[in-house]
Amino acid sequence: MKGKTAIITGAGRGIGRAVAVRLAKAGANVVINYLGNENAAKETQDLCLKEGAGATVVRGDVSCEEDCIRIVKTAVETFGTVDILVNNAGITRDGLLLRMDEKDFEAVMDTNLKGTFLMTKTVIRDMMKKRRGKIINVSSIVGIQGNPGQANYAAAKAGIIGFTKAAAREMAAKGININAVAPGFIETDMTAAMTDKAAETVTAAIPSGRLGKPEDVAETVAFLAGKESDYITGQIICVDGGLCMK
Ligand code: NAD
């Protein structure tokens, strides 16, 4: 990926950080987007710089179009172009359906689904001109099989799957590949709130017998960002130790 530029949203920690470091290791210049924690984003930047890649950080809310435009502008001004976009930023606002309020539904849709749409829309113009580009969306197995207490999150992640397929069909002839990964249970801050008992129950249901690591997801993203996957588009790859078999 030498000479390529990748934007990774929500890359201050967790899966986004692991993806940024993995793409940097493969030689890409990385644009590390974050929302709240600048220090964490700078830690990600340091890790990427250690891999010998170019790396910059840019604050921005992916659910806001102006911010998306600014993130992409920063990438182009810093590294000249954008070749890879990883739509990783995501949030949860869990609750049982009867008690889920509209704000929590909208917040989850805005960051996970609208953010993916806005960032994709903002990068594809340039990619279409070059007739080349790789977009990887981070969905979830919850978007495939559902999960009690996560109606908003499941809807957003299922929306990302539909979006990925429609966008992939639209963009395939323009040389842009759009795929998604659907992680299962990955050890990050997002899943840290699980009780030990819940983690035990989940682990027992995973054929591979362990929770995933951010690096497991990063390897698949790197594959989808590289030339080895040039003939793959519109696919949803579960990275889940076999938990969800379609
Ligand atoms: P995380 O909470 O550690 O990371 C999410 C990152 O997104 C955070 O750095 C956060 O600041 C950022 N973010 C949130 N809202 C944003 C916004 N509006 N604009 C820009 N950045 C924003 O969680 P994670 O586990 O690393 O999750 C990364 C992605 O993987 C998410 O899309 C999540 O839904 C998905 N996922 C995670 C798991 C898991 O088990 N951890 C499973 C399936 C899917």
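The shell around the ligand has eleven nonpolar residues, twelve polar ones and three charged ones. Please keep in mind that what you see here is a predicted model.

I will stay with the ligand for now. There are 26 residues around the ligand, and those that come nearest are R13, N88, Y153, I186 and T188.

With K157 the side chain is involved: one of its N or O atoms is 2.9 Å from a ligand oxygen. At G184 the backbone takes part again, with an N or O atom 3.3 Å from an oxygen atom of the ligand.

How much of the ligand does the protein bury? On its own, the ligand exposes 820 Å², and 93% of that is buried by the protein. The space that the ligand takes is the largest pocket.

Which elements give two or more residues to the shell around the ligand? They are α1, residues 14-25, and α6, residues 151-171.

Searching the whole structure turns up one aromatic pair. Its members are F117 and F163, arranged edge-to-face, with 6.4 Å from centre to centre and 85 degrees between the planes. F117 belongs to helix α4, residues 102-130, while F163 belongs to helix α6, so the pair ties together parts that lie 46 residues apart in sequence.

Note on methods
Residues are numbered from 1 along each chain as its sequence is written. This is a predicted model: local features need pLDDT of at least 70, side-chain atom pairs count only at pLDDT 80 or more; totals for chains, interfaces and linings use all residues. Side-chain values use heavy atoms; hydrogens and water are left out. A residue is near a molecule or strand if one of its heavy atoms lies within 4 Å of it. A polar contact is a pair of N or O atoms within 3.5 Å; within protein, one must be able to donate a hydrogen and the other to accept it, and residues adjacent in sequence count only if both atoms are side-chain atoms. Accessible areas come from the Shrake-Rupley method with a 1.4 Å probe; for residues, only the protein chains shown count as cover. On a 1 Å grid over the protein atoms alone, a cavity is a set of points where a 1.4 Å probe fits but cannot get out, and a pocket is an open set with protein on both sides within 12 Å along at least five of seven lines; lining residues have an atom within 4 Å of a point. A molecule sits in a cavity or pocket if more than half of its atoms lie within 2 Å of its grid points. Helices (H or I, at least four residues) and strands (E, at least two) are DSSP runs, numbered from the N terminus. Ala, Val, Leu, Ile, Met, Phe, Trp, Tyr, Cys and Pro count as nonpolar, Asp, Glu, Lys and Arg as charged, and the others, Gly among them, as polar. Rings of Phe, Tyr and Trp (its six-membered ring) pair if their centres lie within 6.5 Å; planes under 30 degrees apart count as stacked, over 60 as edge-to-face and the rest as tilted.
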